[in-house]
Amino acid sequence: MRRRMFLGLAAGTTLVGCGYRSVDAIYSQPAGKVPKQYANRTRVVFWSPYGGVNGKAVDKLVAKFNDAQSDVYVEVQFQGSYDDVAQKVAAALVAKQAPDLAVLSDVTWERFFLNDALEPLNNHFTDGFGPGVFQEKLFGEYVVKGKSWAVPFARSTPILYYNRDAFAKAGLPDRAPRTWSELRSWVPELAKVQSGGRSMRTIAFAKIDGDWQFQGNVWQFGGAYSKGLDVTIDQDGAVAAGEWQRQMVHELGAAYMASSPSTDFANGLVGVIQESTGGMKTISSKAKFKVGAGFIPSEVAAGIATGGGGIGMMRNISDERKQAAATFLQFLALPENSAWWTTQTGYLPVVNKAREDAELKKLIAEQPNYGVAIAQLENARQQDAIRLYGRNANVQIYTGLQQIYADNAAPKKVFASVAKRLDAIGDEVKRLYEEKVL
């Protein structure tokens with residue numbers, strides 16, 4: 001699922017403004033239709049950001065749930081991107097309306113949590129749905145002061161996709177580079193491969209939302225976006241990561257900024273990309289060459305950012321709707337359903353026992369790319385707080401990256417300017433962050 005900027009700035013600002021609603025008020029559901037065969041059930045509205053291949057998989061999971069029991073009807077409503085979902089949830093709350101469940105991204109659920117819009121899930125946990133069921137790192141990212149504010153669903157990390165056919169033509173080993181320096185040393189070989197009438201470029205950097213991948217790159221070069229809300233993007237490690245990318249674009253001519261790196265990769269224009277594991281099925285189906293996958297390279301350290309979507313339950317809904325929504329979450333937490341979702345999309349299996357599923361094991365044995373993200377989880381880390389809690393911090397960071405890619409701007413100067421804007425963003429949320437998170 002492609003990650004885009006948080007479009008809901010106006011709605012988000014209203015949400016953060018506080019006092020716009022009673023946290024215990026009960027809001028109506030968004031409109032929809034219940035098919036006759038599911039009449040007289042408790043209706044649950046589930047807002048999803050998944051279209052295409054992943055959207056079809058969501059539809060099948062929901063249909064399976066609706067046919068598996070007779071008390072609850074889940075209506076999945078596609079809302080656009082992750083950011084579209086966040087924008088529409090914020091707008092709905094202002095209008096005193098609420099979906100029951102919504103998929104919220106790694107950088108949007110925090111704002112709903114800070115503003116008391118999410119229902120803590122602890123009271124809905126069962127033996128088959130709770131802390132012992134989910135993958136610990138992914139589950140723990142939604143736990144604040146002992147309460148769970150969402151559960152992992154379509155969670156991902158970036159992985160390095162590479163063009164195996166191009167690597168073979170270039171005489172390179174059939175694996176991802178172990179370090180960024182190693183990838184840089186492969187630039188001359190990849191440039192000998194012709195693609196689209198020109199030398200193949202080594203890597204493409206995302207124009208929008210590249211700050212997610214760059215979060216890991218900063219760690220790999222020994223830096224951080226922030227320590228807590230104290231901004232550090234203007235310090236050595238982040239500057240070194242930015243400088244590596246600047247040199248690849250402007251000194252070596254081996255990289256460029258792309259609107260859709262995954263599309264360019266699938267079209268054979270570039271040798272490697274950093275992309276979500278959730279794009280595995282789509283990329284593999286579109287590419288006309290053998291696709292390889294490996295860990296994101298390290299440099300002075302390892303470390304990758306988790307991302308993707310978790311499911312939050314809205315607080316402003318009735319107890320009946322909450323119980324019905326929890327029934328659906330319990331269904332998604334069944335190992336066979338978590339494993340099936342992974343086989344259809346490439347997203348991580350968020351339920352521990354899903355890894356024991358025979359179909360998932362078979363898929364990984366036949367297509368090892370599906371196992372890369374699982375193995376790479378040992379390097380996964382929760383993102384730095386300024387990106388998670390700072391409203392629009394991600395936009396400030398990737399806008400800075402665009403200046404490096406497009407204008408050959410010096411990373412040290414760019415990140416000094418970005419740091420000032422992030423400082424201001426951190427100040428906006430500091431009171432709530434200290435009150436509710438620390």
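1. Let's start where two helices touch: Leu61, Val62, Lys64 and Phe65 in α2 meet Thr327, Phe328, Phe331 and Leu332 in α13. Contact here means heavy atoms within 4.5 Å. Sorted by class, the contact of α2 with α13 has six nonpolar, one polar and one charged residues. For the classes, Ala, Val, Leu, Ile, Met, Phe, Trp, Tyr, Cys and Pro count as nonpolar, Asp, Glu, Lys and Arg as charged, and the others, Gly among them, as polar.

2. A quick word on what you're looking at: this is a predicted model, where local features need pLDDT of at least 70 and side-chain atom pairs count only at pLDDT 80 or more, while totals for chains, interfaces and linings use all residues. Residues are numbered from 1 along each chain as its sequence is written, and side-chain values use heavy atoms, with hydrogens and water left out.

3. How do α2 and α13 sit against each other? They pack at an angle of about 115°, and their axes are 11 Å apart. Axes are lines fitted to C-alpha atoms, for helices over the stretch in contact, and angles run from 0 to 180 degrees between N-to-C directions. That makes α2 and α13 roughly perpendicular to each other (under 35 degrees counts as roughly parallel, over 145 as roughly antiparallel, 65 to 115 as roughly perpendicular and the rest as oblique).

4. Now for the rings. The structure holds 27 aromatic pairs, and one of them is phenylalanine 65 with phenylalanine 328, an edge-to-face pair at 5.1 Å centre to centre with 65° between the planes. (Rings of Phe, Tyr and Trp, the last by its six-membered ring, pair if their centres lie within 6.5 Å; planes under 30 degrees apart are stacked, over 60 edge-to-face and the rest tilted.) Phenylalanine 65 lies in helix α2 (residues 52-68) and phenylalanine 328 in helix α13 (residues 319-332), so the pair ties together parts that are 263 residues apart in sequence.

5. Next, a sheet. Five strands make an open, mixed sheet in the order β2-β1-β3-β17-β6. Strands pair if DSSP finds at least two bridges between them; helices (H or I, at least four residues) and strands (E, at least two) are DSSP runs, numbered from the N terminus. β2 (72-78) and β6 (151-156) are the edges with a single partner strand each, so one side of each has no neighbour in the sheet. The twist averages 20° from one strand to the next. Helix α2 shows up again here, packing on the sheet and touching β1 (42-48), β2 and β6.

6. Zoom in on β3 (residues 101-105) and β17 (residues 307-313): they run antiparallel, joined by five bridges. Leucine 101 stands opposite methionine 313 in β17.

7. There's another open sheet with mixed pairing, ordered β13-β10-β14-β7-β15. Its edge strands are β13 (255-258) and β15 (291-294). Strand β10 (residues 201-206) pairs with β13 in the parallel sense over four bridges. Helix α9 (residues 210-220) packs on this sheet, with its direction at about 95° to that of β14.

8. Finally, compare another helix pair. Helix α14 (residues 335-345) and helix α15 (residues 358-366) pack at about 25°, with axes 8 Å apart, and are therefore roughly parallel to each other. α14 passes α15 in a left-handed crossing.

Methods
A crossing is left-handed if the near helix is turned anticlockwise from the far one by less than a right angle, and right-handed if clockwise.
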